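Look at the sequence and the model first, then read on.

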Amino acid sequence: SKILSSHPTHFPSLHFSLQPSSDSSGAPSKIPSLYPTYIPSLHPSSTPSGVPHTSQPTTKKPHYSLPTRQPDTAHITYFPGLLAVHENGIKLSQGLTSRIIARFNETVIYYNQTRSRLKFHGEPDAGACFLLGGDVGNAGENGWVYASNSELKDKQGGVGAITFDPEGRVVGYDMILENTTRNCGGGRTYWNTWISCE
């Protein structure tokens, strides 16, 4: 077998004529012809110009190399999926921690050891966090709020919200939606608000 060179003289380009063509009467047509003026050969020319003849094919090696050492993971502390932490009855990936911030039917304890006026809602379901702050550059500088649905029945449901300060300490709890039923699904909107629904 032979190795064909990719030199351009081996495979002539396809040329199109945009000159006016003639119609049946011999008069030039105003519509350019898009038919090729030359039908190229798909066979290499016998004597390509400017390319020395060689009987041995040339092989180029790829210009890449495999890594010679393992990446440094000494500074990595979070390993998703490696459930090595067991805290508060749940399994967590290595590098994560957990804490209990509220319990159903109990008042929420704030970081200064005071308590909320309301008890934490039952059957919490869908939820989302909202940053408290101004522009993108300082979003969250005032802390954040965790909004959570309550899937209780008979108009006992709604949405509760726990407020955290910038250091992550619990500083407030209140109901932001009440007298609804089975608040299961929900979502944070583009306008940074919470939609609650079944």
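Buried means under 20% relative accessible area, exposed means over 50%, and partly exposed lies in between (1.4 Å probe, protein chains only). At 26% relative accessibility, Trp-144 counts as partly exposed.

## Ground rules

This is a predicted model: local features need pLDDT of at least 70, side-chain atom pairs count only at pLDDT 80 or more, and totals for chains, interfaces and linings use all residues. Residues are numbered from 1 along each chain as its sequence is written, and side-chain values use heavy atoms, with hydrogens and water left out.

Strands (E, at least two residues) and helices (H or I, at least four) are DSSP runs, numbered from the N terminus.

## The sheet

Four strands make up an open sheet. Their order is E7-E8-E9-E10, and the pairing is antiparallel. Two strands pair if DSSP finds at least two bridges between them. E7 and E10 stand at the edges with a single partner strand each, so one side of each has no neighbour in the sheet. On average, neighbouring strands of this sheet are turned by 15° against each other, direction ignored. Such angles run from 0 to 180 degrees between N-to-C directions, and the axes are lines fitted to C-alpha atoms, for helices over the stretch in contact.

How many bridges join E9 and E10? The antiparallel pairing of E9 and E10 runs over 8 bridges. Gly-158 has Glu-178 in E10 as its bridge partner.

## Aromatic pairs

The structure holds 3 aromatic pairs. Rings of Phe, Tyr and Trp (its six-membered ring) pair if their centres lie within 6.5 Å; planes under 30 degrees apart count as stacked, over 60 as edge-to-face, and the rest as tilted. One of the pairs joins Phe-120 and Tyr-173. This pair is tilted, with 5.4 Å centre to centre and 45° between the planes. Phe-120 lies in the loop between strand E6 (115-119) and strand E7 (124-131), while Tyr-173 lies in strand E10 (residues 170-180), so the pair ties together parts that are 53 residues apart in sequence. Phe-120 is buried, at a relative accessible area of 10%. Tyr-173 is buried too, at 5% relative accessibility.

Trp-144 and Phe-164 form another of the pairs. Here the rings are stacked: 5.2 Å centre to centre, 20° between the planes. Trp-144 belongs to strand E8 (residues 144-150) and Phe-164 to strand E9 (residues 157-164). The two residues are 20 apart, and the pair links distant parts of the chain. Phe-164 is buried at 6% relative accessibility, whereas Trp-144 is partly exposed at 26%.

## Charges over rings

Which residue lies over the face of Tyr-111? Arg-169 does, at 4.3 Å from the ring centre. A charge sits over a ring if NZ of Lys or CZ of Arg is within 6 Å of the ring centre and within 35 degrees of the ring normal. Arg-188 lies over the face of Phe-130, at 5.7 Å from the ring centre.

## Salt bridges

A salt bridge is a side-chain nitrogen of Lys or Arg within 4 Å of a carboxyl oxygen of Asp or Glu. By this rule there are 3 salt bridges. One of them joins Arg-117 to Asp-174, with the closest N and O atoms 3.1 Å apart. Arg-117 is in strand E6 and Asp-174 in strand E10, so this pair links distant parts of the chain, 57 residues apart. Arg-117 is exposed, at a relative accessible area of 67%. Asp-174 is partly exposed, at 31%.

Salt bridges also link Asp-165, Glu-167 and Arg-169 in a network. Arg-169 meets Asp-165 with the closest N and O atoms 2.7 Å apart. The side chains of Glu-167 and Arg-169 meet at 3.6 Å, N to O. Asp-165 is buried, with a relative accessible area of 9%. Arg-169 is partly exposed at 35%, and Glu-167 is exposed at 58%.

Ser-116 sits in strand E6. Is Ser-116 buried or exposed? Ser-116 is buried, with a relative accessible area of 5%.

A polar contact is a pair of N or O atoms within 3.5 Å; within protein, one must be able to donate a hydrogen and the other to accept it, and residues adjacent in sequence count only if both atoms are side-chain atoms. A polar atom of the Ser-116 side chain lies 2.8 Å from the backbone nitrogen of Val-108. The side chain of Ser-116 also reaches the backbone oxygen of Leu-118, at 2.6 Å.
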